[in-house]
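Please look through the sequence and the model before reading the points.

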Amino acid sequence: MISDLPFYISAVFIFSVMLSLYFIIKAGASSVVVIGIMVLLITLQGVLGYNKFFTVTDTVPPRFPFLIIPPVLLILYLLFSKNGKHYTGGLNSTWLTWLHVVRIPVEIVLFWLFTYKQIPQLMIWEGRNFDIISGITAPFIAYFGYRKHTLNKTTLLVWNIICLGLVLNILVNGLLSAPLPFQQFAFDQPNVAVMYFPFVWLPGFIVPLVIYAHIVCIQRLVGGKK
């Protein structure tokens, strides 16, 4: 864990992780296997993060990709394999949309981390990160788009595409701000928080889950479904 960081920052972030897990369980509660894999993955990430495994940046190969690659492979499996498509096809779009609410506490945590010089300014709403808009609008999209059906498919598609772009924007900026061989930004105050527990779960779990939720909804809307 990061020394001298107030406990409430880690507590709010851990709450965000648990809330994300809750929403994905509600979206597809029938699959014990997939949820089990996710829990196993975040447990392993948490153990490695707690033991500062990802803070070592001078190894070959570098360790940080081991945080990113497993969730990416899981998403690809869920999107393109036979069993994965079966799980993905059974997900509830309403709950997938509610999942994006977690982006509100996550953005608050990022602001706190910036004040303690653990991430650069470009990763908060005063910089290049406007992802909180997705979290604020998600309840309205879930309610009026999927419960009341007052929003058409085009509106839902545009919202998902814009919000997917917002999360990809901060993902790229966050990675290019980390003290890794390919760092391009924020050399004076790099993105070091994501290498420590519990913040390893941001690139390792929350961001991939948010991206996956958007992709699933976009696929359905393009296919003429909600």
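The points below are grouped by topic, after a short note on conventions.

The model is predicted, with local features requiring pLDDT of at least 70, side-chain atom pairs counting only at pLDDT 80 or more, and totals for chains, interfaces and linings using all residues. Residues are numbered from 1 along each chain as its sequence is written, and side-chain values use heavy atoms, leaving out hydrogens and water.

**Ile-35**
- Ile-35 lies in helix H2 (residues 32–50); helices (H or I, at least four residues) are DSSP runs numbered from the N terminus.
- The relative accessible area of Ile-35 is 11%, so this residue is buried (buried is under 20%, exposed over 50%, partly exposed in between; 1.4 Å probe, protein chains only).
- Leaving aside residues up to four places away in sequence, Ile-35 touches Ile-24, Ile-25 and Tyr-87, where contact means heavy atoms within 4.5 Å.
- Ile-35 and Tyr-87 are separated by 52 residues in sequence and by 11 Å in space, C-alpha to C-alpha.

**Aromatic rings**
- The whole structure holds 10 aromatic pairs (rings of Phe, Tyr and Trp, the last by its six-membered ring, with centres within 6.5 Å; planes under 30 degrees apart are stacked, over 60 edge-to-face, the rest tilted).
- One of them is the edge-to-face pair of Tyr-22 and Trp-95, at 6.1 Å centre to centre and 90 degrees between the planes.
- This pair links distant parts of the chain, with Tyr-22 in helix H1 (residues 7–27) and Trp-95 in helix H5 (residues 93–98), 73 residues apart.
- Tyr-22 is partly exposed at 42% relative accessible area, and Trp-95 is partly exposed at 26%.
- The ring centres of Phe-53 and Phe-54 are 5.2 Å apart with planes at 85 degrees, so this pair is edge-to-face.
- Phe-53 is partly exposed at 26% relative accessibility, whereas Phe-54 is buried at 1%.
- Tyr-22, Phe-23 and Trp-95 make up one aromatic cluster.
- The charged end of Arg-128 sits over the ring of Phe-185, 4.4 Å from the ring centre (NZ of Lys or CZ of Arg within 6 Å of the centre and within 35 degrees of the ring normal).

**Largest pocket**
- Residues lining the largest pocket include Ile-68, Leu-171 and Pro-203 (on a 1 Å grid over the protein atoms alone, a pocket is an open set of points where a 1.4 Å probe fits, with protein on both sides within 12 Å along at least five of seven lines; lining residues have an atom within 4 Å of a point).
- Helix H3 (65–80), helix H8 (153–177) and helix H9 (201–222) each supply at least two residues of this lining.
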